[in-house]
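This briefing covers aromatic pairs, nonpolar cores and a pocket. Please look over the sequence and the model before reading on.

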Amino acid sequence: MKRREFITLLGGGAAWPLAARAQQPAKTPRIGFLGLAPEFSGVEALRAGLRDLGYIEGTSIVIEWRWAEKVEQLPELAVDLVRLNVNLIIAPSSTFVEAARQATTSIPIVFTVHADPVGLGHVASLARPGGNVTGLSMLLTELAAKELEMTKEAIPHATRIGVLWNPTTPSHVPALKAIEDAGVERFLVELRDA
């Protein structure tokens, strides 16, 4: 063997460990999902959406499902997802966002439908959420008073309009305040243990 061939062989062999390290498989992304078992029915829609993007649960992505039976369990479950170091936490609404937000300021939190993310301080603004929380808003606080005003116009003889709300849902409190501020007569019924 000639000297140049030997040096080339030796140099190429030394590069093998580097090439092997460079070709290590990427870490499988992990999504954390925080929910109330009986409340969320979009599990299959989530899986289908991920499949459409090329992610197959258990193959190319891992979903860490955390289901609470009561709202009071959410903070503990959110901390568990943070301990697992998931890449992202899906928190369907304001109730779940609050628990996840208290558990982490670095892992991205995505809500699927939040009634008032700005009013509750979960994001800085809809245009520029800032921080680690983002998602879709339904603008409940802005629309609640208007919806009741429209109902009163549609049924002018109505003297009482009931509002059903859940005191464990953080976004319901500012929506009720918006209704009060609009001067709409209301009757509140609290849903405690539905």
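Phe33, at 1% relative accessibility, counts as buried. The model is a predicted one.

**Aromatic residues**
- The count of aromatic pairs comes to three.
- In one of them, the ring centres of Phe33 and Trp65 are 5.1 Å apart and the planes stand at 50°, so the pair is tilted.
- Phe33 belongs to strand 1 and Trp65 to strand 2 (residues 62–68), so this pair ties together parts 32 residues apart in sequence.
- Phe33 and Trp65 are both buried.
- Phe33 and Trp67 also make a tilted pair, with ring centres 5.3 Å apart and planes at 50°.
- That pair links strand 1 with strand 2 across 34 residues.
- Together, Phe33, Trp65 and Trp67 form one aromatic cluster.

**Nonpolar cores**
- The largest nonpolar core holds 19 residues, and those with the most contacts inside it are Leu34, Leu74, Ile89, Phe96, Ile109 and Val133.
- Strand 1 (30–36), helix 3 (74–83), helix 4 (94–103) and strand 4 (109–114) each give two or more residues to this core.
- Another core, of 10 residues, lies apart from it and includes Leu148, Trp165, Leu176 and Ile179.

**Second largest pocket**
- The second largest pocket holds about 160 Å³ of space.
- Helix 5 (140–154), strand 6 (162–165) and helix 6 (172–181) each supply at least two residues of its lining.
- That lining has nine nonpolar, one polar and one charged residues.
- Among the lining residues are Glu147, Leu148, Trp165 and His172.

Technical notes: Residues are numbered from 1 along each chain as its sequence is written. This is a predicted model: local features need pLDDT of at least 70, side-chain atom pairs count only at pLDDT 80 or more; totals for chains, interfaces and linings use all residues. Side-chain values use heavy atoms; hydrogens and water are left out. On a 1 Å grid over the protein atoms alone, a cavity is a set of points where a 1.4 Å probe fits but cannot get out, and a pocket is an open set with protein on both sides within 12 Å along at least five of seven lines; lining residues have an atom within 4 Å of a point. Grid points are joined across faces, edges and corners, and a volume is the space filled by probe spheres set on the points. Helices (H or I, at least four residues) and strands (E, at least two) are DSSP runs, numbered from the N terminus. Ala, Val, Leu, Ile, Met, Phe, Trp, Tyr, Cys and Pro count as nonpolar, Asp, Glu, Lys and Arg as charged, and the others, Gly among them, as polar. A nonpolar core is a set of buried Ala, Val, Leu, Ile, Met, Phe, Trp, Tyr and Cys residues joined through side-chain atoms within 4.5 Å. Buried means under 20% relative accessible area, exposed over 50%, partly exposed in between (1.4 Å probe, protein chains only). Rings of Phe, Tyr and Trp (its six-membered ring) pair if their centres lie within 6.5 Å; planes under 30 degrees apart count as stacked, over 60 as edge-to-face and the rest as tilted.
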